Amino acid sequence: MAVAPSHHRTWQKKLAREARLRFVGGLCVGLPGVAARLRAELLQIMARPSTDPARSHVALSAAITEFDSRQQAWLDSANRLLRQSLLAGEPAPEPVAAPPTITSFELVSNEAIEGRIIASRLAAQLLELVALELDSVRRVTQFLEDQELGPADALRPETWCLRLIEAWEAAGLSRKTLDLLWTPMLEALAPLGISGYTAVRRFYDEQGAASEDELRSYRIKRTESERHAPAAAAAAAAAAQQAGGMAAAQGAAGAASGAASMPSGLMPAGGAGAPGWVAMGAARQKSQGVLAQLRGFLQNVAGSRSNGGPPPGRASLGDAGGYVISPALQHALVSPPTAIQSAWFHTAPADDDFDPGQVVAPVALAVRQQSSALKSVASSDEEKAIIEIIALMFQSILNEDRIPAGIRIWFARLQVPVLRVALAEPAFFNDTEHPARQLIDRMGACVLGFEAAALNGTTLEAEVKRVVQVIEQYPDTGSRVFQLVLKEFQKFLEKNLTGQTATARELVSLAQQIEQKETLAIQYTIQLRDMLLEMPVDSDVREFLFKQWSDVLAMSAIRFGAEHENTQKFKKAALDLVWSASAKPSKEERAKVIRQLPLLQTVLRQGLTLSNIVGERQDEMIKSLMDIVAEAFLAKTNEIPQERIIALAERLAHLEDALDEVVTEEYPLSAESIELMLGIDTSSIQVIADDGALVQPEVLEWAKNLSLGNWFLLDHNASPLQVQYVWHSQHKQLHLFAALSGSCFLFQMRRMGHYLQAGLLLPRDAEGITARAARDALAKIEANPERLLQ
């Protein structure tokens with residue numbers, strides 16, 4: 001008897017609730033073990049000598065005493081808060097009271113905000129370790145409930161990490177103790193999370209929650225539904241506009257526009273845990289929608305003027321044309337020094353070992369004060385609105401704790417230059433590819449994966465400072481200066497990213513030679529085919545020359561040089577083989593073949609060895625060629641005329657002169673062949689070669705246009721690692737990623753596309769910091785629209 005659809009849906013939702021209950025129960029059961037691990041770590045820290053005052057014997061004794069006295073309170077509070085998080089997915093009750101007035105709101109304390117930041121950091125680091133198991137659970141839960149996990153879902157690491165930090169502080173445990181135990185806390189929670197997610201997936205499998213076919217079909221169905229999003233969003237925009245909600249209409253239309261411009265293969269099929277190329281498409285859609293909503297707010301401001309239109313000589317900020325900044329504001333924007341610069345220079349200690357994090361708060365205050373000062377001289381509501389939006393965006397950038405504090409301070413100094421551009425160029429709010437946005441996104445993406453200590457004193461840090469100072473020196477040039485320094489910054493990345501480690505520098509040199517060698521091999525093959533087109537040469541000899549000997553010539557040209565005697569010797573061997581394997585009607589010619597055959601065999605073996613063809617495989621090739629030469633003694637076919645042999649020799653000697661630029665296809669690649677080619681140790685190099693897997697064309701196209709310097713989460717052999725994209729070869733067939741530890745990963749193009757397609761290579765910042773800052777600004781404006789004009 002078939003189960004009714006409604007009953008089946010009820011069963012699915014019940015299954016998802018049971019899964020969450022089991023997951024939270026597993027966390028609660030495992031927390032005493034985490035606490036025991038943390039106490040043991042405190043004892044180990046005490047046993048190790050240290051000059052750090054925070055790790056003195058007295059401080060550690062106090063920390064152990066504190067932990068012993070409040071450990072149980074932390075566990076009890078964590079159990080209670082984790083179980084409360086299960087209610088996050090329940091439907092909210094109908095409101096029974098009137099909406100609260102403004103007097104009923106409370107300010108969120110600094111301690112609470114800091115606690116959320118700490119929990120976010122912990123969750124972000126945990127997510128790298130539990131990503132695979134979480135994604136497996138997320139996919140099934142999404143299928144069962146036909147929706148993504150909510151922002152406060154108990155299954156999300158952000159949720160249970162926040163509960164643990166809240167419990168820590170509720171128990172009276174100090175943040176100093178938490179700082180001491182940060183790494184062991186992470187190391188203890190990661191296996192607990194992995195175990196919990198694995199248990200949930202096992203439960204789903206036992207209950208027959210969803211087969212792989214069902215999950216695949218569901219994902220396809222969601223993708224298809226996304227393809228119809230433009231029409232649905234357009235309808236929503238029309239409805240919102242009829243209701244008078246201009247900002248909402250603009251946002252919906254912007255989302256529709258973003259969806260319509262995206263290839264169907266890149267339409268988002270999920271949220272967290274979705275493959276990187278899907279996440280990138282979803283992020284692009286979000287950015288377009290946010291910009292559209294911001295434009296809606298600006299148009300509302302422009303449309304609400306009491307005089308019914310812009311002042312003479314001035315265009316509306318929502319129009320396509322430019323905007324003439326009022327004289328008072330123009331003067332304020334170019335009057336040095338700005339408040340941000342003053343905060344930086346007056347706050348930074350004179351010594352070299354200061355903590356930039358101590359300067360962020362004064363600079364953030366200066367950003368706010370500077371915005372208030374500029375708004376006080378603004379002559380129109382439009383100017384005030386744009387000043388406020390840009391200020392909110394830079395406040396968000398200053399709060400981006402994934403970027404080292406010292407870099408955030410330099411970013412803050414771009415607030416006034418960006419404000420000038422936003423006032424003068426409406427494209428800043430229309431185009432996600434605006435040079436000012438692109439520059440900040442590129443610099444932010446490049447420093448995103450660094451700890452402050454690892455970035456201090458590097459050429460990358462110096463380049464960011466130089467870029468900011470150049471922009472400050474040209475206050476009236478608008479987006480042109482941003483475009484100029486963007487190009488300079490991109491050139492800097494191309495030249496300097498691989499200089500961070502000796503391994504990366506060596507590997508780039510190696511990879512360039514590999515691609516050059518493979519390009520030459522293809523070019524030599526083309527030239528040999530052309531030269532032997534009408535010659536009576538045995539088909540097996542042709543195949544040997546095209547496949548094996550062209551590779552030998554290319555290897556020799558790279559290692560020794562095209563004019564080296566070894567390369568010339570291998571070219572002559574090709575000629576001798578062609579002549580020896582052709583018909584020999586005269587005794588003199590046969591005698592000549594017999595005399596030169598030992599030398600020819602020796603040279604052939606040398607070339608094959610250079611190309612890593614050794615042992616039995618080499619013996620089989622040489623024997624096959626010698627059999628062909630022997631058969632040529634009895635051949636009745638026409639011999640190759642001597643003048644043809646002379647012409648062939650001439651062309652072989654100057655083969656490089658006829659080579660054309662050829663973009664390579666994928667070719668065999670391995671750590672062993674690299675080691676043989678250049679004789680270097682490959683222990684720190686992971687070669688991830690082409691495996692023949694099919695990759696969607698849209699993914700390959702996206703892979704070819706990845707930006708150097710961006711950080712990714714690479715899951716190679718079940719070992720998640722943060723890596724930076726530092727180099728690609730001339731024809732983009734080879735791509736290098738480097739970790740701060742010194743490990744390097746060399747990808748071939750299709751394999752990299754396969755990793756992106758499978759979600760094994762995930763961008764750390766698919767959205768971009770300016771899009772994220774715009775989204776944060778929009779949230780604050782929606783909550784308090786009056787702030788735009790105050």
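The model is predicted: local features need pLDDT of at least 70 and side-chain atom pairs count only at pLDDT 80 or more, while totals for chains, interfaces and linings use all residues. Residues are numbered from 1 along each chain as its sequence is written, and side-chain values use heavy atoms, leaving out hydrogens and water.

Arg402 forms a salt bridge with Asp765, with 3.7 Å between the closest N and O atoms (a side-chain nitrogen of Lys or Arg within 4 Å of a carboxyl oxygen of Asp or Glu). This pair links distant parts of the chain, 363 residues apart: Asp765 is in the loop between β6 and α30 (769-783), and Arg402 in the loop between α14 (381-398) and α15 (405-412). Helices (H or I, at least four residues) and strands (E, at least two) are DSSP runs, numbered from the N terminus. Asp765 counts as buried, at 13% relative accessibility.

## Other salt bridges

By this rule the count comes to 25 salt bridges. One of them joins the side chains of Arg138 and Glu148 at 3.1 Å, N to O. Arg138 belongs to helix α3 (residues 110-145), and Glu148 to the loop between α3 and α4 (157-170), ten residues apart. Arg138 is buried at 7% relative accessibility, whereas Glu148 is partly exposed at 22%.

Within helix α4, Arg163 and Glu166 are three residues apart, about one turn of the helix. Their closest N and O atoms are 3.3 Å apart in a salt bridge. A network of salt bridges links Arg368, Lys375, Glu388 and Arg787.

## Helix α2

Helix α2 (residues 57-84) has 28 residues, so at 1.5 Å a residue it should span 40 Å; its end C-alpha atoms are 38 Å apart, which agrees. The expected span is 1.5 Å times one less than the number of residues. At Arg70, α2 bends by about 50 degrees (the angle between axes fitted to the seven residues ending there and the seven starting there). Buried residues of α2 include Phe67, Gln71 and Trp74.

## The sheet

An open sheet of six strands has the order β1-β5-β4-β3-β2-β6, with mixed pairing (two strands pair if DSSP finds at least two bridges between them). Its edge strands, β1 (685-688) and β6 (761-763), each pair on one side only.

Strands β2 (residues 711-716) and β3 (residues 719-728) pair in the antiparallel sense over six bridges. Gln724 in β3 is the bridge partner of Trp711.

Notes. Buried < 20%, exposed > 50% of the residue type's maximum accessible area, 1.4 Å probe, protein only.
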